[in-house]
Amino acid sequence: MAEEAIAPKPTRREQILSAAAELFARYGFHGVGIDDIGAAVGISGPALYRHFRSKDAMLAEMLTGISERLLVGGRQRATTGDPRRTLDRLVRWHVEFALTNPSLITVQLRDLDSVAEPERRKVRELQRSYVEVWVDALRQLRPGLDRATARAAVHAAFGLINSTPYSAHLDGEAMSALLRRMALGAMEQA
């Protein structure tokens, strides 16, 4: 059973966020100007202010959106009742996300500190909740595993999967299979 649906055409706001993510990933948040983002979507930089109050607001929305999307997707996949299947579904979800959104992964890893404190706190809370979905799934599979060890194993798996913007040297299918095997193997050996 396929878990993905045909995505609707992106809104203008989503197009802007996507272009900004590509630019931020390539040049860093501070290396990109509002005019650069506007040019990437075929409008003037100042026209972006009809969609976002600032470049900072764009980054905050981008990173909050990533974190919310991962958490919602993780929670949806953690409802199988079968611990092994649940963990497999979580790994597949995150691997697919990382392989199809390398710019977002890069921006999240590198530019979160550029987000204002209230939004950064919200992103961190969402991320912690996402980690706990995985920790609970891993502990259901390995009931004797303490939370701290499970959390460390989950973070290690994320590090492996999130390295894809820097290490995807295989075609998408082969890289996905490799990451899934390695992430599952690492967590099961914790």
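Before we look at any pair of helices, a word on handedness: a crossing is called right-handed if the near helix is turned clockwise from the far one by less than a right angle, and left-handed if it is turned anticlockwise. Keep in mind, too, that what you have on screen is a predicted model.

With that in hand, take α4 and α9. Helix α4 covers residues 83-100 and helix α9 covers residues 172-188. In this pair, α4 passes α9 in a right-handed crossing. The two pack at an angle of about 135°, and their axes are 9 Å apart. That angle makes α4 and α9 oblique to each other, because only angles over 145 degrees count as roughly antiparallel.

Which residues make the contact between α4 and α9? On the α4 side you'll find Arg84, Leu87, Asp88, Val91, Arg92, Val95 and Leu99. From α9 come Gly172, Met175, Ser176, Leu179, Arg180, Ala183, Leu184, Met187 and Glu188. Sorted by class, the contact of α4 with α9 has nine nonpolar, two polar and five charged residues.

Helix α3 runs over residues 55-77 and helix α6 over residues 117-141. Their axes lie 9 Å apart, at an angle of about 20°, and that makes α3 roughly parallel to α6. Here the handedness is left: α3 passes α6 in a left-handed crossing.

The α3 side of this contact is built from Ala60, Leu63, Thr64, Ser67, Glu68, Leu70, Leu71, Gly74 and Arg75. Facing them, α6 puts in Glu119, Lys122, Val123, Leu126, Gln127, Ser129, Tyr130 and Val133. By class, the contact of α3 with α6 comes out as eight nonpolar, five polar and four charged residues.

Zoom out, and what is the protein made of? It has nine helices and zero strands, so the pattern along the sequence is simply α-α-α-α-α-α-α-α-α. The C-alpha trace spans about 55 × 35 × 30 Å along its principal axes. As for overall packing, a compact globule of 190 residues would have a radius of gyration near 16 Å, and the protein's 18 Å agrees with that.

One last stop is the record. An unreviewed UniProt entry lists residues 10-70 as "domain: HTH tetR-type". In the model, that span is 64% helix and 0% strand, and its end C-alpha atoms lie 18 Å apart.

How values were computed: Residues are numbered from 1 along each chain as its sequence is written. This is a predicted model: local features need pLDDT of at least 70, side-chain atom pairs count only at pLDDT 80 or more; totals for chains, interfaces and linings use all residues. Side-chain values use heavy atoms; hydrogens and water are left out. UniProt positions are given in the numbering used here, feature names are shortened, and annotations may be inferred rather than shown by experiment. Helices (H or I, at least four residues) and strands (E, at least two) are DSSP runs, numbered from the N terminus. Axes are lines fitted to C-alpha atoms, for helices over the stretch in contact, and angles run from 0 to 180 degrees between N-to-C directions. Angles under 35 degrees count as roughly parallel, over 145 as roughly antiparallel, 65 to 115 as roughly perpendicular and the rest as oblique. Contact means heavy atoms within 4.5 Å. Ala, Val, Leu, Ile, Met, Phe, Trp, Tyr, Cys and Pro count as nonpolar, Asp, Glu, Lys and Arg as charged, and the others, Gly among them, as polar. The radius of gyration is taken over C-alpha atoms; the globule rule is 2.2 Å times the number of residues to the power 0.38.
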